[in-house]
Amino acid sequence: MRRRDFIRAGTVSGIVAGTGAFGAASDPLAALVRGPGRRTRSGEVRLNSNENPLGIAPAAREALVDAITLANRYPSAQNAAMVSQLAAAHDVGDDQVVLGTGSAEVLQMAVQAFAAPRARLVMADPTYEAVTNYQRTEAYELIKVPLTSDHEHDLDRMREAAEGSGHPALVYLCNPNNPTATITPSAAIDAWIADAPPHVFFLSDEAYIEYVEDDRMWSSLQWIESKRNVLVVKTFSKIYALAGLRLGYGIAHPDTAARLRDFASRNNVNQLAIAAAGASYGDEGLIMKSREVNRQSREMTEATLDELDLQRMPTHANFLMHRINGDLATYRNRMAEAGFLVGRDFPPKLDWNRLSFGLPEDMGRFCDTLRDFRKKGWI
Ligand SMILES: Cc1ncc(COP(=O)(O)O)c(C=O)c1O
């Protein structure tokens, strides 16, 4: 049985036993896939960047090794094949898919493509900051709208900000939202998209959608056939565990996709990323295992935070936000000394930590560390 078939054939409990290892302990590939990447070189466990702690799937690893022989070749043929694979999976034309070096590049393309004098960039606060960074050199007026008390995008206020001036507006919707891991119900987003004037452009970032189990949220993909003003952005960095290889993509109306492509760097996606992504995409075993391990880590973490009476936000992704009762920089330093890298500052939530879920065994040690911090009066 090929490794990929092995993953597909396994049951959740069978696959998850021993958390983290994809194959038998004696399998050298499994050992390579499992060990590194969990920790930094200096030994800390990385709970700070919303990465997938499982490491790449064996099928991706095999594909990477095979693709090394293509390293001297420009990737245009492979790029086209990847586009076709994604287009077929999403039931859209090849001309509707734009690849990027991570979804970050697709976000950057959108910010550049839709910049215009007096255009507004409307986004939640806090939300994923890449879009904010990319607009610095552009002509946007940046408008940040605080999340509601339920940590949802405040769509009414965002709409006022986007439609109020009559000038073009780029609306960034990060759902689930980073750093809060909370969702905004899709019905409300759909209602706005259905009615919005064409000068309002929706940038729908679905980096974490594969983790969502709440039926109030769904993809915005349904809009791209009929609306030129919607771009859906997805990534291989999260559920597919390929953050280090940098591959993401956007899906949009063909005209919108063509406009974005003008802002892509030439031959942006490399042979290895394409090979690994092609081997991983749609791998139900990988997705199931990523979700299951995430669920175990989440439940353990939530139970510990509740036990310690540390307020937490509901999570729909592979991370959560929780209170720390103290200074965030001090907390981060103490956690680093204890062997854990935890999230960066996300103003205005400076008494909350964004915690990415690691493997259950690492989260067990993290939870013990939290209890220890409580005993010391640090949290
Ligand atoms: C919401 C969101 N969008 C996009 C990205 C960028 O991901 P990548 O460029 O690795 O696809 C991230 C990274 O953490 C993210 O959290």
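A residue counts as buried if 20 or more other C-beta atoms lie within 10 Å of its own. That definition is used throughout this report on a predicted model.

**Strand β5**

By this cut-off, A169, V171 and L173 on one side of strand β5, and L170, Y172 and C174 on the other, are all buried. In a regular strand, side chains alternate between the two faces of the sheet. Strand β5 covers residues 169-174, and since 6 of its 6 residues are buried, the strand is largely enclosed by the rest of the structure.

Strand β5 has parallel partners. Strand β3 (residues 120-125) runs parallel to β5 and is joined to it by 4 bridges; here V122 stands opposite V171. Strand β6 (residues 200-205) is also parallel to β5, with 6 bridges between them, and A169 has V200 as its bridge partner in β6. Beyond its neighbours within four places in sequence, V171 is in contact with V122, M158, A162, V200, F201, F202 and L203.

**The chain and its core**

The chain has 379 residues, of which 48% count as buried, and it contains 14 helices and 11 strands. Among contacts with a separation of 6 or more, 75% link residues 24 or more positions apart.

Nonpolar side chains tend to be buried together in soluble globular proteins. In this chain the largest nonpolar core has 103 residues, and those with the most contacts inside it are A110, L170, V171, L203, L242 and A276. Helix α11 (residues 271-280) supplies the largest share of this core, 7 residues. At least three core residues come from each of domain 1 (25-48 + 283-375) and domain 2 (75-279).

**The ligand shell**

The ligand is surrounded by 13 residues, and the closest are G102, S103, A104, T235 and S237. By class, this shell holds 5 nonpolar, 7 polar and 1 charged residues.

**Backbone details in loops**

| Site | Backbone value | Loop |
|---|---|---|
| N175 to P176 | cis, omega near -5 degrees | P176: between β5 and α9 (186-195) |
| P347 to P348 | cis, omega near 5 degrees | P348: between β10 (340-341) and β11 (352-356) |
| D309 | phi of about 55 degrees | between α12 (284-307) and β9 (319-323) |

Technical notes. Residues are numbered from 1 along each chain as its sequence is written. This is a predicted model: local features need pLDDT of at least 70, side-chain atom pairs count only at pLDDT 80 or more; totals for chains, interfaces and linings use all residues. Helices (H or I, at least four residues) and strands (E, at least two) are DSSP runs, numbered from the N terminus. A residue is buried if 20 or more other C-beta atoms lie within 10 Å of its own, exposed if 12 or fewer, and partly exposed in between; C-beta atoms are placed from the backbone. Two residues are in contact if their C-beta atoms, placed from the backbone, lie within 7 Å. A nonpolar core is a set of buried Ala, Val, Leu, Ile, Met, Phe, Trp, Tyr and Cys residues joined through C-beta atoms within 7 Å. Domain bounds come from an automatic or database domain assignment. A residue is near a molecule or strand if its C-beta atom, placed from the backbone, lies within 6 Å of it. Ala, Val, Leu, Ile, Met, Phe, Trp, Tyr, Cys and Pro count as nonpolar, Asp, Glu, Lys and Arg as charged, and the others, Gly among them, as polar. Two strands pair if DSSP finds at least two bridges between them.
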